[in-house]
Amino acid sequence: MSIAPQDGHEPVGADIDAPAQTPAGPQKGMFGITGTGDVSGFGGLVRRRPEQASSPKPYGGYFDEVTDALEEAYPAFADAIEKVVVDRGELTLHIKAERIAEVVQIMRDDESLRFELCSSVSGVDYLGSDPRRLHVVYHLTSMTYRRRVRLEVAVADGVSVPSVTSVYPTADWQERETYDMFGVVFAGHPNLTRVLMPDDWEGHPQRKDYPLGGVPVEYKGAEIPPPDQRRVYQ
Amino acid sequence: MTQSGYATERETTEGRVFTVTGGDWDTVTESIDPLSNEKIVVNMGPQHPSTHGVLRLVLELEGETVQEVRPVVGYLHTGIEKNLEYRNWTQGTTFVTRADYLAPLFNEAGYCLAVEKLLGITDQITERANTIRVLFMELNRISSHLVWLATTGMELGAISMMLYGFREREYILDIFEETSGLRMNHAYFRPGGVAQDIPESAIKKIRDFLVYLPKKLKEYEAMLSGQVIWQERTQGVAVLDVTGCLALGVTGPVLRSAGLAWDLRKTMPYCGYENYEFDVPTATTADVWGRYQVRLAEIRESLKIIEQALDRLRPGPIFIADKKIAWPAQLAVGLDGMGNSLEHVAKIMGQSMESLIHHFKLVTEGFRVPAGQVYVAIEHPRGELGVHAVSDGGTHPYRVHMRDPSFVNLQAIPAMAEGALLADVIAGGASLDPVMGGCDR
């Protein structure tokens, strides 16, 4: 097996202006075939992803207790919470980005909430489907009540999110990773530098418009394109 | 400018400045700043044998006392999460297994449970598949803890422990190889079940291992626990209490060594762990010694779970019945790992056009996963392994994030080591059991 870079296919580093890989808007076609190759008729199919609406009350389980307790303890609840989504047995509170540090403070300190552990902070890039494309997702765990809750904030590229490191010091590296991978700037973070990529790296690799990279691989005369250029069955 | 015998000096707004030219200039500044020339910055790693892989620590030392530690990670970043977005959901398991290479089955389990939750098929996973998952996760926990014991022993001067730990781990890797065809990076757990059934020979090996390991554990304890050097190196070293652990997000044996019995197998069970009888070992010393005790006790608890899992193992399907998800092949362990069994290939190629089409569609295209997001957490040997999986309704993951315990726990090194001796950085770092493959992903 040999790896043969073609002309113009040398691996390149970051190119943040590259086209989007996974279109998240309405999806066209079915088998990833466009043009004359499509004899199935499925090429004209258009599938739209429904916007996830707020779930109606009651949410069920402990979700009502959590939202009620937060509403009671947090005067700006109505302003800060954009929507509440219950899906697959998990509670998601969509929070206005500028309010997130206040909300986690109450989530941690209120006696009836007590989310002592910030399990995870991660990012998701909803390029094409949400104008506020960069989402930061916080997973909080209450060890006292054995509950989990997800907080989600959405910002446009270039808008900063308040850091939660003063409430949860464990978010330090996780916010750095989210900055490194998605370019979300956390205002008030003590040391917002790259954590996984080299310090002088350009671009943010987990963004959807950042190419995967790779070279075609030749095996016994046949050539296989790099993974991001292969046919995708949508 | 004046001359005070050794060097010229002058007053500035910042204080007195000396212009030093001679070889004994340190005696000049001594009276003003006795520490200024004691402080040195030492770079440890990323290729240091006692940093468990490519972890780099930048240490500011004053004599042998550590003033400041700055851990630097990322040397093993391989873009696993990004790569997942370009493969179908089933292929994802071959990627995640390579993250934390000492606990590959936990990565697979976390990922598969997340995909199953997205699909809404958690309840349809067969009894036998769940039992096999528990069985293999606990074997993997033992092998991971054995490597911890081995490497930590080596780092603290007990070289023979290194040989013994790896020797016992070989037995477990043999069992994995017999079942999945691979010693590491198995891709054995798949969304919907496990790749193939356990052969009888592997079950016999597990039964032998259950008899074999307790004797060896006694030997380790006889060798280490009473040993004065081991005690001196571990007791009262790298203390981190419950408050420190929770603030820094530290979970797993480190948290339990501080006294909090938080184990997701008990507190938020998955894969049917609620049906097994086992204890959650804790310690109260919150030091390296406590973590050593907790991990040894956890190996014994895992042996108990394995024994119960073997008894619970009833014949039955190992994959979900839903043909839209179930892998359409019967896999067999060949000489070069795992592949399709020849009989199955002959059958689908020779007799059934429909199953050939079905096979082709499911293997090339994969199954679709309804849009949404889930977070699944399991008890990894090092703490909480969380998988945050997002689907846009397609055949590929839209985003998968692994909250790896090594990554989060490593933040605790400065809290454990600053103010202590340089040698305790090694002990403290080792007691976190970081695996850089998982940390950097």
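**Helix packing, sheets and the chain interface**

In chain B, the axes of helix α7(B) (residues 200-224) and helix α12(B) (residues 288-312) come within 11 Å and cross at roughly 160 degrees. Angles over 145 degrees count as roughly antiparallel, and α7(B) and α12(B) are therefore roughly antiparallel to each other. The crossing of this pair, α7(B) and α12(B), is left-handed. On the α7(B) side, the contact is made by Ile203(B), Ile206(B), Arg207(B), Phe209(B), Leu210(B), Leu213(B), Pro214(B), Leu217(B), Lys218(B), Tyr220(B), Glu221(B) and Leu224(B). Helix α12(B) contributes Tyr292(B), Leu296(B), Ile299(B), Arg300(B), Leu303(B), Ile306(B), Glu307(B), Leu310(B) and Asp311(B). By class, the residues of the contact between α7(B) and α12(B) comprise 15 nonpolar and six charged, with no polar residue. The model described here is predicted.

Helix α12(B) also packs against helix α5(B) (residues 127-155), the two axes coming within 9 Å and crossing at roughly 155 degrees. That angle makes α5(B) roughly antiparallel to α12(B). The crossing of α5(B) and α12(B) is left-handed. The contact of α5(B) with α12(B) consists of 15 nonpolar, three polar and seven charged residues.

A further helix pair is found in chain A. The axes of helix α1(A) (residues 63-73) and helix α3(A) (residues 100-109) come within 10 Å and cross at roughly 110 degrees. Since angles of 65 to 115 degrees count as roughly perpendicular, α1(A) is roughly perpendicular to α3(A). Helix α1(A) passes α3(A) in a right-handed crossing. Val66(A), Leu70(A) and Ala73(A) of α1(A) meet Val103(A), Ile106(A) and Met107(A) of α3(A) in this contact. The residues of the contact of α1(A) with α3(A) are six nonpolar, with no polar and no charged residue.

Strand pairing is described next, beginning with chain B. Strands of a sheet pair through backbone hydrogen bonds, either parallel or antiparallel. Three strands of chain B form an open antiparallel sheet in the order β4-β5-β6. Strands β4(B) (39-44) and β6(B) stand at the edges, each with a single partner strand, so one side of each is left without a neighbour in the sheet. On average, and with direction ignored, neighbouring strands of this sheet are turned by 20 degrees against each other. Strands β4(B) and β5(B) pair in the antiparallel sense over six bridges, and Val42(B) stands opposite Leu59(B) in β5(B). Strand β5(B) (residues 56-62) pairs in the antiparallel sense with strand β6(B) (residues 65-72) over seven bridges; here the bridge partner of Leu61(B) is Val66(B) in β6(B). The hairpin of β5(B) and β6(B) has two residues between the strands, and Gly63(B) takes a positive phi near 65 degrees. Helix α17(B) (residues 422-432) lies across β4(B), β5(B) and β6(B), running at about 150 degrees to β5(B).

Chain B also holds an open sheet of three strands in the order β11-β12-β13, again with antiparallel pairing. The edge strands, β11(B) (372-380) and β13(B) (399-403), each pair on one side only. Strand β12(B) (residues 383-391) pairs with β13(B) in the antiparallel sense over five bridges. Within β13(B), Val400(B) is the bridge partner of Ala389(B).

In chain A, strand β4(A) (residues 81-87) and strand β5(A) (residues 90-95) pair in the antiparallel sense over six bridges. Val84(A) stands opposite Leu93(A) in β5(A). Strands β4(A) and β5(A) form a hairpin with two residues between them, and Arg88(A) in the turn has a positive phi of about 55 degrees.

Between the chains, 52 residues of chain B are in contact with 58 residues of chain A. The area buried between chain B and chain A is about 4,600 Å², of which carbon and sulfur atoms give 55%. Lys82(B), Tyr86(B) and Tyr398(B) supply 16% of the area that chain B buries against chain A, more than any other three residues.

Note on methods:
Residues are numbered from 1 along each chain as its sequence is written. Chains are lettered from A and ligands numbered from 1 in the order in which they are written. This is a predicted model: local features need pLDDT of at least 70, side-chain atom pairs count only at pLDDT 80 or more; totals for chains, interfaces and linings use all residues. Side-chain values use heavy atoms; hydrogens and water are left out. Two strands pair if DSSP finds at least two bridges between them. Helices (H or I, at least four residues) and strands (E, at least two) are DSSP runs, numbered from the N terminus. Axes are lines fitted to C-alpha atoms, for helices over the stretch in contact, and angles run from 0 to 180 degrees between N-to-C directions. Angles under 35 degrees count as roughly parallel, over 145 as roughly antiparallel, 65 to 115 as roughly perpendicular and the rest as oblique. A crossing is left-handed if the near helix is turned anticlockwise from the far one by less than a right angle, and right-handed if clockwise. Contact means heavy atoms within 4.5 Å. Ala, Val, Leu, Ile, Met, Phe, Trp, Tyr, Cys and Pro count as nonpolar, Asp, Glu, Lys and Arg as charged, and the others, Gly among them, as polar. Buried area is the accessible area (1.4 Å probe) that two parts lose on being put together, summed over both.
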